[in-house]
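Subject: Structure handover

Hello,

Please find the structure below. Notes on what was found in it follow.

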Amino acid sequence: AGLGAFSVFAALFLGTQMLTGKAQLLARAYPLMRLVTSGYPLLLAYALAFLGLPTWRWLRLKEKNLQIRRRNEWRKLQAAELKRPDGGLRSRLAAAAARAMRRLPFGKSIFDSSKSVRSAEAEM
C-alpha cells in the first residue's frame with residue numbers, strides 16, 4: 001500500500017509539474033524526461049490501477065468473506081451438536097449407521113425414487 005500510494009502521489013506531482021510547464025522545459029533538455037512526459041497518461045493509469053484494483057477486490061470480497069465466516073460458525077455449532085447428541089438424534093444416527101452397514105446385492109439400490117417415502121420405509 002505504501003508503494004502504491006507513493007506512485008500515485010509521484011504521478012500526480014509530475015502531472016502538476018507538467019501543467020505549470022516546468023516538466024516541458026526539462027523535456028526539451030533531457031530525452032529521458034521527454035519519454036516520461038509523453039508516457040504520463042500510461043504512468044498515471046498504472047499507478048491508479050496498482051492501488052485501485054486490490055482495493056476494489058478487497059471491497060468486493062469483504063461481504064463474501066463475511067458469509068463464509070458465518071457459515072463456518074454454523075458448521076462448528078452443528079459439529080458440536082453431533083458430538084453430544086440427544087436421544088432423538090442418537091437414534092437417527094444409529095439407524096443411519098445400521099442402514100449403511102447393510103449389504104445389498106449388486107444392482108439393488110437402497111432408495112428408489114419411483115416409490116413414495118412411506119412405502120420405502122415400510123420395506124425396510
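A salt bridge here is a side-chain nitrogen of Lys or Arg within 4 Å of a carboxyl oxygen of Asp or Glu. The model is a predicted one, in which local features need pLDDT of at least 70, side-chain atom pairs count only at pLDDT 80 or more, and totals for chains, interfaces and linings use all residues. Residues are numbered from 1 along each chain as its sequence is written, and side-chain values use heavy atoms, with hydrogens and water left out.

The structure has one salt bridge. It joins the side chains of Lys 76 and Glu 73, at 3.8 Å from N to O. The two residues are three apart in helix H4 (residues 40-83), so about one helical turn separates them. Helices are DSSP runs of H or I with at least four residues, numbered from the N terminus. Glu 73, at 47%, is partly exposed, the class between 20% and 50%.

Helices H1 (residues 2-20) and H2 (residues 22-29) pack with their axes 4 Å apart and at an angle of about 85 degrees. Axes are lines fitted to C-alpha atoms over the stretch in contact, and angles run from 0 to 180 degrees between N-to-C directions. H1 and H2 are therefore roughly perpendicular (65 to 115 degrees). In contact (heavy atoms within 4.5 Å) are Gln 17, Met 18 and Thr 20 of H1 with Lys 22, Ala 23 and Gln 24 of H2.

On confidence, pLDDT (the predictor's confidence in each residue, from 0 to 100) averages 82 over the protein chain, and 87% of its residues reach 70 or more.

Regards

Key:
Parallel < 35°, antiparallel > 145°, perpendicular 65-115°, else oblique. Buried < 20%, exposed > 50% of the residue type's maximum accessible area, 1.4 Å probe, protein only.
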